[in-house]
Amino acid sequence: MLSAVLRKEHKNQWERRSALTPAAIEKLITNGYKVDVEHSDIRVFDDGSFNNIAATLVDSPEHHQLVIGIKEPPVDSIQPGQVHIAFSHTIKGQSYNMPLLQRFIDQGATLFDYETIVNERGARTIAFGRFAGIAGAIDTFWIAGIKLSQINKQTDLQRLKQTKDYTNIQEIKEQFAQLDLQKGEPIRALIVGTGNVGRGAEEVCRWLKLPKIDIESILLGHIPEGSWYAVASSRHINARVDGGDFEYDNFVANGKEEYVSTFDNLLGKFNVLIQTPYWTEKYPKHLDSDRLVEQQQKLPWVIGDISCDIDGSLECTKKASTIDEPAFTYNVVEQSVKDGVSWEGPTVMSIDNLPCELSKDASEHFSAILKNYIPHLMDLDLSKSFEDLDLHPELYRSLIVYQGKLTPNYKYLKKFLNK
Ligand SMILES: NC(=O)c1ccc[n+]([C@@H]2O[C@H](COP(=O)([O-])OP(=O)(O)OC[C@H]3O[C@@H](n4cnc5c(N)ncnc54)[C@H](O)[C@@H]3O)[C@@H](O)[C@H]2O)c1
């Protein structure tokens, strides 16, 4: 059995999440799977809570065979032959993480990635998406409240706090139940995307008691009075160039070779945008710089770009914002951004570590799923070749690097490494 350790997160002071909770580690130890814990000053569960369950605290994950973390491990921490599980953010060939991928290869190490753990239907089984959706929607609405107060317009959104300033989801729900968004300035929110993040954002709209309006009727120009939200998926904002019907599989396969964005049809009908779809350069952009200029008068006040594709689908997302500096405002004409909230253009919230604002809830959810994978990971037989591994199929498919070699499904990453 591999020796295992829960790594500390090091990305920044907000990264307080923990891949496993003390209760999960206690259960694993009881079942014969001993997981040690790297000391951390900022983890949402303090060292004492792991001491209480008799876990062994260590100063470094260097000597363990299996290292369990959340964000990318430090490049130089990867030891020869070590096995890591993390969000490596490498599968799109992200240039900033190619040194990390190269390190796994050079060290003959093994990388499992949470992002690539999918069930037989291709759906991800372990993710923080719901919490990103919740925190992202709350922060977006909170910013909309601030923006409206700058022009002396009233809305109950002005009673919101930034997500990080709430204790937990329970407290958020209780406060939201007291608010009435039908008073004051109408809030018309469009959520784009129906995945984990989109559904998390939708939960927030329900807690705020916003009625849901059918997107088809919005597209037909029926804009109800008062505050509401609507949800658009890829089919509502893209059309086939040849005039044929939208087909999701075809859209995913061919992207902008066969589809164009029709997002402009929705502009002017909503004032808060919450962007959540998966996107790569292969797909049409919803708002490029030119269309941002053309459509200047119809742009939403606030854009919560939870997808956070920099210079991507929404070209006003020039950078990721941060939990400390959550908003910037995009100057459409100058194509520049200025930190803070103002009416000089759409204000963008593009925090890229949103689940950290809900560290405890998010960690508990994540750990409840991860703990079931840990025995399979600890039983990994490193004496076997990749082809002969007898591993849980979801974990097998998620292997990006095995003992220093890109696995067959991820060989395409080679071209990014050589750049
Ligand atoms: N800002 C943050 O802190 C944060 C945190 C988690 C996730 N995210 C990002 O949010 C985005 C959505 O995450 P999710 O968990 O909701 O993903 P998901 O897989 O659950 O949903 C993806 C959504 O995008 C749509 N989509 C459009 N084209 C697609 C394609 N080619 N392939 C797959 N889906 C496609 C899907 O229909 C679905 O509505 C991702 O870009 C993710 O990186 C951001």
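How many bridges join strand β13 (residues 327-331) to strand β14 (residues 336-339), and do the two run parallel or antiparallel?

Author: The model is predicted, so local features are reported at pLDDT of at least 70 and side-chain atom pairs only at pLDDT 80 or more, whereas totals for chains, interfaces and linings use all residues. Residues are numbered from 1 along each chain as its sequence is written.

Strands β13 and β14 run antiparallel and are joined by four bridges. Strands here are DSSP runs of E with at least two residues, helices are runs of H or I with at least four, and both are numbered from the N terminus; two strands pair if DSSP finds at least two bridges between them. Within this pair, Phe328 has Asp339 of β14 as its bridge partner. The two strands form a hairpin with four residues between them, and Gln335 in the turn has a positive phi of about 55 degrees.

Positive phi values also occur in two loops. Ala54 has one of about 65 degrees although it is not a glycine, and its place is the loop between α2 (47-51) and β3 (57-58). A residue is buried if 20 or more other C-beta atoms, placed from the backbone, lie within 10 Å of its own, exposed if 12 or fewer, and partly exposed in between. Ala54 is exposed because 10 other C-beta atoms lie within 10 Å. Gln403, likewise not a glycine, has a positive phi of about 45 degrees and is found in the loop between β16 (399-402) and β17 (405-406). Gln403 counts as partly exposed because it has 17 C-beta neighbours inside 10 Å.

Parallel pairing is found around strand β11 (residues 272-275). Strand β7 (residues 188-192) pairs with β11 in the parallel sense over four bridges, and Leu190 has Leu273 as its partner there. β11 also pairs with strand β12 (residues 302-305), again in the parallel sense over four bridges, with Gln275 opposite Asp305. In a regular strand the side chains alternate between the two faces of the sheet. Both faces of β11 are covered: Val272 and Ile274 on one side and Leu273 and Gln275 on the other are all buried. Together with helix α10 (residues 289-294), β11 and β12 make a right-handed β-α-β unit; right-handed means that, with the strands pointing away from the viewer, the path from the first strand over the helix to the second runs clockwise.

The ligand is surrounded by 25 residues, counted if the C-beta atom, placed from the backbone, lies within 6 Å of it. The closest are Gly129, Ala132, Gly195, Val197 and Leu354. Helices α4 (129-149) and α6 (196-207) each supply at least two residues of this shell, and the largest share, three residues, comes from α6.

Finally, an unreviewed UniProt entry carries the annotation "active site" for Lys71 and His89; such annotations may be inferred rather than shown by experiment. Lys71 is found in the loop between β4 (66-68) and β5 (83-86), and is partly exposed because 19 other C-beta atoms lie within 10 Å. His89 lies in the loop between β5 and α3 (98-106) and is partly exposed because 16 other C-beta atoms lie within 10 Å.
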